[in-house]
Amino acid sequence: MKVAVVGATGLVGTVMLKVLEERNFPLTELIPVASEKSVGKLIKFKGKEYPIVSMDTAIEMRPEIALFSAGGGTSLENAPRFAAVGTTVIDNSSAWRMDPDKKLVVPEVNANELTTEDKIIANPNCSTIQMVVALKPLHDKYKIKRVVVSTYQSVTGTGVKAVDQLMNERKGIDGPKAYPYEIDLNVLPHIDVFQDNGYTKEEMKMIKETNKIMGDDSIKVTATTVRIPVMGGHSESVNIEFENDFDLAEVRSILEQAPGIIVVDDVANLKYPMPKDAHEKDEVFVGRIRRDESSDKALNMWIVADNLRKGAATNAVQIAEYLMENKLV
């Protein structure tokens, strides 16, 4: 089982390697891939050193699985090249997510749709992943009509440059900027580029991806995505309107029993999910579960997850695990 990690030196790529190691993924050979300037450098994995190779070399090595986290342009150009030699690509960029011929997968929600024919599989947007993990078991029981989500997203979602900007500002150092404004002691209601309809690309991703992953275009979704000066994870305030009424105790029970979810909801003792608690964890944390008293059959929840792990690297590795367990590679 040869596994390539494309973008192995990037923020998500390094977490992918960590997650593969932690979860003891049964690979026999690691193929780290990065830009030409990194070729030949060594990456340590499970106590062994592996040289970084070029894209062409990795394709010639014909890995069974390639985990991509190297940007949309790289994926569009090279994922089909890997697929052509029989590799199954799991891509973390936005390149293939809305392609009608490609599956968009969160294992807890729709991994059962995967087949041996799926050679390019899309990993959803980080903020969408954590939300649908919590929505799916409730949709199965009560049928969701509408979702209103506001996000509070970590600077790690933008990348190393954004992390550096935050830490530089905190220390009073002038340096390269990932954002058009200061992020420390500030909140930016702006993630990705603005579209003609006034929404950002990130907001539209959450809307369209939710429908595709849940396999239900009747679910209405509206989103406001916000960057905040934290590291460790994304948080979301989610309001859900159901077709059928619900019992609050039953909602908690459903979430507690759902795969990949940890309920942290004890307001009497000030227990609720925070990004610091989700940091370096693979689960989705749900709390502040309460009825929306302004609307019939509506619920409020607070959802938190580590955006580099469940929101990116872990979800990709879980897809790979599913493929192996079900003999799809």
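**Starting point.** I am working with a predicted model. I looked up the secondary structure and found ten helices and 13 strands in the chain.

**Overall dimensions.** I checked the C-alpha trace along its principal axes, and it spans about 60 × 50 × 40 Å. Next I turned to the radius of gyration, which is 20 Å for the chain. A compact globule of 329 residues would come out near 20 Å, so the chain agrees with that expectation.

I then took the contacts with a separation of 6 or more, and 68% of them join residues 24 or more positions apart.

**Surface and charge.** I noted an accessible surface of about 14,700 Å², with carbon and sulfur atoms contributing 49% of it. For the charges I have 40 positive and 48 negative, and their mean positions lie 2 Å apart.

**Aromatic rings.** I asked myself how many aromatic pairs there are. The count is six. One that I opened up joins phenylalanine 242 and phenylalanine 246, edge-to-face, at 5.5 Å centre to centre and with 70 degrees between the planes. Are these two buried or exposed? Phenylalanine 242 has 1% relative accessibility, so I put it down as buried. Phenylalanine 246, at 6%, is buried as well. I also saw that ring pairs tie Tyr142 to Phe242 and Phe246 in a cluster.

Methods
Residues numbered from 1 in each chain as written. Predicted model: local features only at pLDDT ≥ 70, side-chain atom pairs only at ≥ 80, totals over all residues. Heavy atoms only, no water. Helix = DSSP H or I, 4+ residues; strand = E, 2+ residues; numbered from the N terminus. Rg over C-alpha atoms; globule rule 2.2 N^0.38 Å. Contact = heavy atoms within 4.5 Å. Areas by Shrake-Rupley, 256 points an atom, 1.4 Å probe, with all protein chains shown as cover. Lys, Arg positive; Asp, Glu negative; His and termini not counted. Charge placed at Lys NZ, Arg CZ, Asp CG, Glu CD. Phe/Tyr/Trp six-rings, centres within 6.5 Å; stacked < 30°, edge-to-face > 60°. Buried < 20%, exposed > 50% of the residue type's maximum accessible area, 1.4 Å probe, protein only.
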